[in-house]
Structure formats: C-alpha cells, structure tokens
Amino acid sequence: MENLQKMISEKSVVIFSKNSCCMSHTIKTLFFDFGVNPTIYELDEINRGKEVEQALAQLGCSPTVPVVFIGGQLVGGANQVMSLHLNRSLLPMLKRAGALWL
C-alpha cells in the first residue's frame, strides 16, 4: 500500500491499466486527446503488478482497471472519468492538478 501511495503522489495524473483492457485504452486515449501526459502503469507488464492490483482493490476500486488518480486523489474507473467528462468537470480538475494549461 505504501508503494501505491508513492506511485500516485509523484505525478499529476496516474492511470493504472492493462494492455488487454479495452476500457483502459479508451481512458488513456481520452487523456492523450486532451494533451495530458499521464503516468501509466500497465499492471500486466510491471513487476509486482498483482500486488498493486490488490492494493487498488483494497481502496475500493472495482474493477481494478482502469483506475485514474488526479492530483493524488482517486477519481475512479472509466464510468467516473466519463461522467466527469460529460458534466464538464474533468478539464477543470486537470487544470487544478497542473496537468493541463489551457
């Protein structure tokens, strides 16, 4: 869990993903289209990916990918991110975190 906190706090936008997950791809594409350069951890590729996935589950993330953190705060999965985007809250959140300078 301590390792997870370190991963989350080091960058303004962090995405936990898996290459095999189509929703992970969709969320990454959304952020790239905004011009955001998120830190992405592919849990099916990194060392100790299963441990990170278990820590995300302990935080209440279900499913465990994709999971997005902005400014060190848990935003949630694909549904939460898309809801924020649709109600026009995502871009201001990214600006406050320093991930976007529009």
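Okay, let's start with the pocket: α4 gives the most to the lining of the largest pocket, with three residues. Before I go on, this is a predicted model, where local features need pLDDT of at least 70 and side-chain atom pairs count only at pLDDT 80 or more, while totals for chains, interfaces and linings use all residues. Residues are numbered from 1 along each chain as its sequence is written, and side-chain values use heavy atoms, with hydrogens and water left out.

Some terms for the pocket. On a 1 Å grid over the protein atoms alone, a pocket is an open set of points where a 1.4 Å probe fits, with protein on both sides within 12 Å along at least five of seven lines; lining residues have an atom within 4 Å of a point. Grid points are joined across faces, edges and corners, and the volume is the space filled by probe spheres set on them. Helices (H or I, at least four residues) and strands (E, at least two) are DSSP runs, numbered from the N terminus.

So how much space lies in the largest pocket? About 180 Å³. There are 14 lining residues, and S62, P63, G77, A78 and Q80 are the ones nearest the centre. Both β4 (73-76) and α4 (78-86) put at least two residues into that lining. By class, eight of the lining residues are nonpolar, six are polar and none is charged. Here Ala, Val, Leu, Ile, Met, Phe, Trp, Tyr, Cys and Pro count as nonpolar, Asp, Glu, Lys and Arg as charged, and the others, Gly among them, as polar.

P63 brings me to the backbone. S62 and P63 are joined by a cis peptide bond, omega about 0°, and P63 sits in the loop between α3 (49-58) and β3. P66 is in the loop between α3 and β3 too, and the V65 to P66 bond is cis, with omega near -15°.

Then the positive phi values. R48 isn't a glycine, yet its phi is about 65°; you'll find R48 in the loop between β2 (39-42) and α3. R88, in the loop between α4 and α5, has a positive phi as well, near 65°. Buried or exposed, by the way? R88 is exposed, at 72% relative accessibility, and R48 is exposed at 54%. The cut-offs: buried is under 20% relative accessible area, exposed is over 50%, partly exposed is in between (1.4 Å probe, protein chains only).

On to the inside. A nonpolar core is a set of buried Ala, Val, Leu, Ile, Met, Phe, Trp, Tyr and Cys residues joined through side-chain atoms within 4.5 Å. The largest has 17 residues, with F31, L90 and L94 touching the most other members. β1 (13-17), α2 (22-34), β3 (67-70), α4 and α5 (90-96) each supply at least two residues of this core, and α2 gives the most, with four. Apart from it there's another core, of 15 residues, including V14, Y41, L43 and A55.

Last, cysteines. A disulfide means two cysteine sulfur atoms within 2.5 Å, and the whole structure has zero. Why does C22 have none? Because the closest cysteine sulfur, in C21, is 5.6 Å from its own, too far for a bond. C61 isn't in a disulfide either, with the nearest cysteine sulfur, that of C21, 13 Å away. C61 is buried, at 8% relative accessibility, whereas C22 is exposed at 57%.
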